[in-house]
Amino acid sequence: MAAGPAIAVLPLTCLSAHPDSAAFTRGLHEQLQHQLVSMFGHVVLCPADGAPGIPRHASHAIEGSLRLEGRQTRVVARLLESAAASIVWSRQFDFCEPRSSALQELLAAEICSGARQHVDGAGQLP
């Protein structure tokens, strides 16, 4: 396993019945995984069966929810610390612009940046 933090991206919760919501949520999840690998070196994959909780090899996990209402997109993201079983960072993002891969990239970058500031300690990013 690579040195550094082991961060899991838990499945994002889609809180909307909007027709675009499921696809946008999956795309944001994939973008988060991609950017975390670029930033931290590796990501812990969550069980395919959707078992709840943070995988045991993960020091941290990102979880969140997405809600679409008309043109409004709201994403709430949280960084969980496994050992303390606590939320160490949380942020709400609100956008009123077209839902696109560019918006997914922007959201993922902002979430990863926030996570990076809070992942520190022995054997982890400064």
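**Close-up views of a predicted model**

**View 1. Overall order of the elements.** The model shown is a predicted one. Its secondary structure amounts to 2 helices and 6 strands. The protein chain has 126 residues, of which 40% count as buried. Among its contacts with a separation of 6 or more, 59% are between residues 24 or more positions apart. The accessible surface of the protein chain is about 6,700 Å², and carbon and sulfur atoms contribute 53% of this area.

View 2. Helix α1 covers residues 21–40. The buried residues of α1 are Ser21, Phe24, Thr25, Gly27, Leu28, His29, Gln31, Leu32, Gln35, Leu36 and Phe40. The cover over these buried residues includes the strands β1 (7–9), β2 (13–14), β3 (43–44), β4 and β5, together with helix α2 (101–118). Just after α1, Gly41 adopts a positive phi of about 100°.

**View 3. The setting of His29.** His29 belongs to helix α1. Its relative accessibility is 18%, and His29 therefore counts as buried, the limit being under 20%. With residues up to four places away in sequence left aside, His29 touches Val9, Leu10, Pro11 and Leu12. Val9 is part of the range 7–9 that forms β1, one of the elements covering the buried residues of α1.

**View 4. The hairpin of β4 and β5.** Strand β4 (residues 60–69) runs antiparallel to strand β5 (residues 72–81), and 10 bridges join the two. Within this pairing, Ile62 is placed opposite Leu79 of β5. The hairpin that β4 and β5 form has 2 residues between the strands, and Gly70 in the turn has a positive phi of about 60°.

**View 5. The hairpin of β5 and β6.** Strand β5 is also joined to strand β6 (residues 86–96) by 10 bridges, in an antiparallel arrangement. Here Arg78 stands across from Ser90 in β6. This hairpin has 4 residues between its strands, and Ala85 takes a positive phi near 50°.

Key. Residues are numbered from 1 along each chain as its sequence is written. This is a predicted model: local features need pLDDT of at least 70, side-chain atom pairs count only at pLDDT 80 or more; totals for chains, interfaces and linings use all residues. Side-chain values use heavy atoms; hydrogens and water are left out. Two strands pair if DSSP finds at least two bridges between them. Buried means under 20% relative accessible area, exposed over 50%, partly exposed in between (1.4 Å probe, protein chains only). Contact means heavy atoms within 4.5 Å. Accessible areas come from the Shrake-Rupley method with a 1.4 Å probe; for residues, only the protein chains shown count as cover.
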